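Let's take a walk through some charged pairs, a greasy patch and a helix crossing. Keep the viewer open as you read.

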Amino acid sequence: MEERLWDYIDGFSSEEEKSFIAQLIETNLEWRRKYHELLDVHQLMQQNIELDEPSMRFTQNVMELVANEKIAPAASSYIKKSVIRVIGGFFILSISAVLIWALANVNWSAPDTGKSLDLPKVDLSKYLSPTVINGMIIATVVMALMLLDMTLRKKQKRNREMTE
Amino acid sequence: MNIATTDTEIISRVLHGENNLYAALVERYRNFVFTIAMRFTPHREDAEEIAQDVFVKAYRNLADFRGDSKFSTWLYTITNTTCISFLRKKKLAVHSLDQEHVFEVADAQNSDFKANQVEAKSRMQMVNQAIQMLSADDAKIITFFYKGEQSLEEIGRIMGIDPNTVKVKLHRARQRLRSKMEEHFAEEVKNIAD
């Protein structure tokens, strides 16, 4: 009963519920008594909760402190979602290429049955010289470090806000 | 002279270099932030330190305020997390029994000497003293709802909980507040009901 009456007093009830409660208050003594009891408490709080005031110098103290502070640039200015998507896309492509090459070079034959699955052989040796492979490894490592840096910066910023 | 009145206007001008305008935001919200801090600690000096920290943090991160919520909601979120961090650092008890204890001792000394006769009480004093007897969570949610002009969704965002959970917590906080008032201020509560 109390929860429904509080919803009614706070204005959170649906229209249907509101008219149902209003009717109950009108016709039922217990509901009416409880409603007035809760309404009194509600009005007491609405009208009598007062805010504490800090010292007279408070604003001045804050302004003296912020005079030594710099406004940090918005996080979105150095954590770009598009960069993260490109790096993520590169990783997915690299992993997919390695998986395809590995699966294509597996010997899919079942020795006991003599059956085998012939997949088209993927010969990447003409495209993948040692230079290309080294370049891809370096690019992967650099992008992984960039991603890690962005993630740690964001975490550091959040932790600083929580603990300072 | 172009006077910035809304929070968004003031923030925009501060971000464009008019740092002194930040004082207007401090003036506007200092009482509420300080009151929330007082819900977590009975010591005014600690509460002022917390409140100052809140405004300094808000200033540092002003560029991150995107305007998709009210500035007050954003500021009160910083207030909530700062208060919780402060408690963790100081390892203070959240609920102070001191106020309740005073009234219990007064009651025990003389059965005719009721707690609500220790000093002359106005309704405002009664309500605010009863709030001080609540836990920080209860006192905070009541203050956010009645004085913070925050909706359930906004309070949920500040406290990092679901709006339905906010409703339940608010309901329980009001129940506990009512119990405190009936327990310690029986005469005043009776007079209000009559």
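A salt bridge here is a side-chain nitrogen of Lys or Arg within 4 Å of a carboxyl oxygen of Asp or Glu. This is a predicted model, so local features need pLDDT of at least 70 and side-chain atom pairs count only at pLDDT 80 or more, while totals for chains, interfaces and linings use all residues. Residues are numbered from 1 along each chain as its sequence is written, chains are lettered from A and ligands numbered from 1 in written order, and side-chain values use heavy atoms, without hydrogens or water.

**Charged pairs**

Side chains of opposite charge can pair when their charged atoms come close. Over all chains, the count comes to 21 salt bridges.

| Pair | N to O distance |
|---|---|
| B:Arg60 and A:Glu69 | 2.7 Å |
| B:Glu27 and B:Arg30 | 3.6 Å |
| B:Glu182 and B:Arg178 | 4.0 Å |

B:Glu27 and B:Arg30 are about one helical turn apart, because they sit three residues from each other in helix 2 (residues 22-40) of chain B. Helices are DSSP runs (H or I, at least four residues), numbered from the N terminus. As for cover, buried means under 20% relative accessible area, exposed means over 50%, and partly exposed is in between (1.4 Å probe, protein chains only). B:Glu27 is partly exposed at 45%, whereas B:Arg30 is buried at 8%.

Look next at helix 9 (residues 163-184) of chain B, where B:Glu182 and B:Arg178 lie four residues apart, about one turn. B:Glu182 is partly exposed at 44%, and B:Arg178 is buried at 10%.

**A greasy patch**

On chain A, the side chains of A:Ile133, A:Ile137, A:Val141, A:Leu145, A:Leu148 and A:Leu152 make a nonpolar surface patch of about 540 Å². Patch residues have over 30% relative accessible area and no salt bridge, with nonpolar side chains joined within 5 Å and like charges within 9 Å. A:Val141 belongs to helix 6 (residues 130-163) of chain A and is partly exposed at 46%.

**A helix crossing**

Helix 7 (residues 136-147) and helix 8 (residues 152-159) of chain B have axes that come within 10 Å and cross at roughly 140 degrees. The two helices are therefore oblique to each other; angles under 35 degrees count as roughly parallel, over 145 as roughly antiparallel, 65 to 115 as roughly perpendicular and the rest as oblique.

Terms used
Accessible areas come from the Shrake-Rupley method with a 1.4 Å probe; for residues, only the protein chains shown count as cover. Axes are lines fitted to C-alpha atoms, for helices over the stretch in contact, and angles run from 0 to 180 degrees between N-to-C directions.
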